[in-house]
Amino acid sequence: MTQTIKLSQARIGDRGVITQVGDHCHHQEHEVELERRLLELGFVEGARVELLHEGLFGRDPIAIKVDDMRVALRRHEAASLTIALDAA
Amino acid sequence: MDVAVRPARIALVGNPNSGKTALFNALTGAHQKVANYAGVTVERKEGRIVSEAGRSMTILDLPGTYSLRARSLDEEVTRDAVLGTLAGEVPPDVVVCVADATNLRLVLRLALELKQVGRPMVLALNMFDIAQRQGLRIDLERLSAELGAPVVTTVATRKRGITELVAAVEAQAGLFRAETHNEWHAPSAAEIRVAHREAERIMKACVRPPERPDTLTGKIDSLLLNPVAGLVILLAVLFVMFQAVFAWATPAMDLIEAGFGALGGLVAAVVPDGLLQSLIVDGLISGVGSVLVFLPQILIIFLFIILLEDFGYMARAAFLMDKIMGGAGLHGRAFIPLLSSFACAIPGIMATRVIEAKRDRLTTILVAPLMTCSARIPVYTLIIAAFIPNETVWGFANLQGLVMFGLYASGILSALLVSLVVRKVFWRGAVEPFMMELPAYKIPDVKSVLFNLWLRAKIFMRRAGKIILPLMIIVWALSTFPYPPEGATGPAIDYSVAGMIGKTLEPIFAPIGFSWQMVVALVPGMAAREVAVAVLGTVYAVAGAEENVGALASVLAADWSLATGLAFLAWYVFAPQCLPTIGVVRRETGSLKWTLIMVGYMFALAYLSAFVVYRIAVALGGG
């Protein structure tokens with residue numbers, strides 16, 4: 001049984017696969033935009049992610065390894081990404 | 001092959017960090033022109049080359065992007081240039097999609113978007129040497145077949161593959177084709193997903209994962225992005241940078257000053273006394289000299305910025321600073337522009353173009369002039385020398401140094417405060433996302449660093465000529481005309497328009513302890529802050545004030561009260577005393593309203609803080 005969390009809740013070393021980008025019930029323009037921008041940076045369903053680094057204050061922002069590249073983003077944006085954690 | 005009547009137009013498009021600009025430099029060498037696109041202030045870089053077959057081509061370096069669906073001003077230019085809808089630009093004949101060969105996933109999706117536009121395309125796999133070193137296998141023929149476009153491998157920094165790329169582009173440009181049919185539209189989320197799957201399929205078919213993947217970047221990051229050590233290292237880097245700006249630049253600055261002084265002396269000896277001599281020596285030579293003297297500092301700060309950028313550190317700095325600056329309502333990406341503003345606000349404000357969100361960019365522009373630029377230093381140095389005793393406090397700290405540090409700190413703190421207020425007042429609640437690629441670390445290429453530095457120097461000098469020189473002449477005229485009456489005893493500037501302005505404005509400045517002589521110095525100081533030092537020298541009849549700060553300082557110490565001196569410092573922290581900066585803000589924001597808001601709030605802060613400082617100092621007995 002794999003555990004599903006928002007990427008914003010992940011801790012350093014957590015790995016998994018993106019299962020959902022965006023929440024699929026867009027009420028606002030900026031949510032649609034955020035989803036497209038995440039997709040364009042490689043955050044797409046099926047991509048492997050790993051949380052590499054956290055900032056000092058509030059563990060924010062975070063550095064994520066997405067497939068074979070690295071991307072920095074805030075936990076606020078990471079909340080739009082759902083991941084299935086690898087079985088420990 | 002038929003000979004073309006006009007040069008073929010080539011556009012370079014690619015992800016950020018793909019080495020696109022290095023490729024542009026390798027293609028065009030010194031034959032490039034840097035200007036702005038019509039109507040917008042995005043930097044336009046174009047170069048001309050001639051292929052081996054004798055076909056001439058113009059090459060346009062477009063801003064890096066992940067998608068044609070534009071978000072920032074830069075990306076809009078890329079989209080419109082590729083689509084051929086950009087005002088004043090001719091549509092490209094061939095689009096060259098530049099890819100980092102070690103990081104193909106995202107660029108393949110961009111390439112699929114570019115294919116939809118319907119123009120002939122060539123894919124350049126740049127940094128191919130690194131891909132080979134990593135043991136990355138790319139099936140070039142298959143990739144070319146999948147994309148329906150020729151694929152060329154290049155190593156821009158070693159100028160490898162350049163001839164082949166030009167030949168491939170030329171072949172595409174020579175192809176007969178009917179009017180291109182554009183099928184591109186801004187993709188929806190679903191369409192981006194479909195394109196990703198297609199890119200993924202092409203990746204799987206053509207690229208075998210590296211045998212020796214880059215592990216160095218991860219290792220460096222675990223140090224540089226460490227929450228504590230990372231911040232300490234960032235501060236150390238900044239410390240070294242400021243040390244360099246102030247310590248290394250001094251000899252070169254002295255040399256430039258002496259050079260312009262000698263030139264002025266030479267002209268004064270040749271041209272007879274009078275208006276012409278005054279115009280050339282006081283207006284032109286000392287005007288241009290007072291700006292060019294900052295070239296060494298600006299070059300050093302740019303050298304650091306280019307090195308850190310090419311190494312891949314700037315994205316990390318933005319990562320480390322995002323939360324800290326975010327607390328004040330600034331975007332992590334504002335870090336680089338604000339850093340440049342310590343040299344001069346003008347390149348700083350121009351560097352805000354990397355900030356995607358318009359609001360974040362505007363906030364950064366509004367606060368950038370609060371960073372202590374190098375033009376304030378001569379003024380600070382003079383006033384500190386005049387009023388702050390050179391003594392040691394707390395056993396280790398130099399009081400003059402402490403005051404200098406305090407002035408820098410007030411600039412930074414007020415910038416944070418102002419941006420917080422801007423966010424609260426003008427756009428409550430809206431938070432722009434912070435997302436950026438952290439590129440793999442690379443050793444900067446010496447030649448390309450020097451080349452970029454030379455480009456920066458050229459742009460700065462041209463601006464000095466175009467904007468600052470005319471301003472200097474206006475200020476010179478204001479301080480020269482009308483002539484003093486027969487038998488006048490005071491310095492000539494007292495009787496000029498500048499002198500009249502000073503006396504007229506005196507009542508406004510009296511509450512903050514400024515004498516009319518000081519107000520006179522503020523008028524030419526509008527051209528460039530440091531000019532105030534020279535004018536104070538003129539007003540107080542101290543010859544060669546710039547070279548002889550000590551003499552002027554003792555005159556000021558005798559003439560001004562301590563409260564007045566401190567109020568003048570407080571004024572200089574905030575006042576928008578620099579017309580070129582105001583001009584750049586007007587151009588970059590494209591809005592008179594925001595320019596006036598900036599000028600207004602800065603004058604208000606300057607007046608208010610000078611008032612408070614003056615009154616407190618007087619109350620404490622410093623009047």
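1. Domain separation in chain B. The C-alpha centres of domain 1 and domain 2 of chain B lie 52 Å apart. Domain 1 covers 8–213 and domain 2 covers 481–622; such bounds come from an automatic or database domain assignment.

2. Basis of the model. This is a predicted model, where local features need pLDDT of at least 70, side-chain atom pairs count only at pLDDT 80 or more, and totals for chains, interfaces and linings use all residues. Residues are numbered from 1 along each chain as its sequence is written, and chains are lettered from A and ligands numbered from 1 in the order in which they are written.

3. The A–B contact. Chain A gives 30 residues and chain B gives 26 residues (contact: C-beta atoms, placed from the backbone, within 7 Å). On the chain A side, the elements giving two or more residues are helix 1 (29–40), strand 3 (48–54), strand 5 (69–73) and helix 2 (75–78). Helices (H or I, at least four residues) and strands (E, at least two) are DSSP runs, numbered from the N terminus. Helix 1 of chain A has the largest share, 7 residues.

4. Make-up of that side. The side of chain A that touches chain B has 14 nonpolar, 6 polar and 10 charged residues. Here Ala, Val, Leu, Ile, Met, Phe, Trp, Tyr, Cys and Pro count as nonpolar, Asp, Glu, Lys and Arg as charged, and the others, Gly among them, as polar.

5. Pairing across chains. Strand 5 of chain A pairs with strand 12 (residues 435–437) of chain B, antiparallel, over 3 bridges. Pairing requires at least two DSSP bridges between the strands. A:Val71 has B:Glu437 as its bridge partner.

6. Strand 4 of chain B. Strand 4 (residues 56–61) runs parallel to strand 1 (residues 8–14), with 5 bridges. There, B:Ala11 stands opposite B:Leu60. Strand 3 (residues 43–50) joins strand 4 antiparallel through 6 bridges, and B:Ile49 is partnered by B:Met57. The hairpin of strands 3 and 4 has 5 residues between the strands, and B:Gly54 takes a positive phi near 95°.

7. The largest nonpolar core. This core has 201 residues. A core is a set of buried Ala, Val, Leu, Ile, Met, Phe, Trp, Tyr and Cys residues joined through C-beta atoms within 7 Å; buried means 20 or more other C-beta atoms within 10 Å of a residue's own. Helix 24 (residues 562–574) of chain B gives the largest share, 10 residues. Domains 1 and 2 of chain B each supply at least three residues.

8. B:Val122. This residue is among those with the most contacts inside the core. Not counting residues up to four places away in sequence, B:Val122 touches residues including B:Val94, B:Ala149, B:Leu165 and B:Gln172.

Note on methods:
Two residues are in contact if their C-beta atoms, placed from the backbone, lie within 7 Å. A residue is buried if 20 or more other C-beta atoms lie within 10 Å of its own, exposed if 12 or fewer, and partly exposed in between; C-beta atoms are placed from the backbone.
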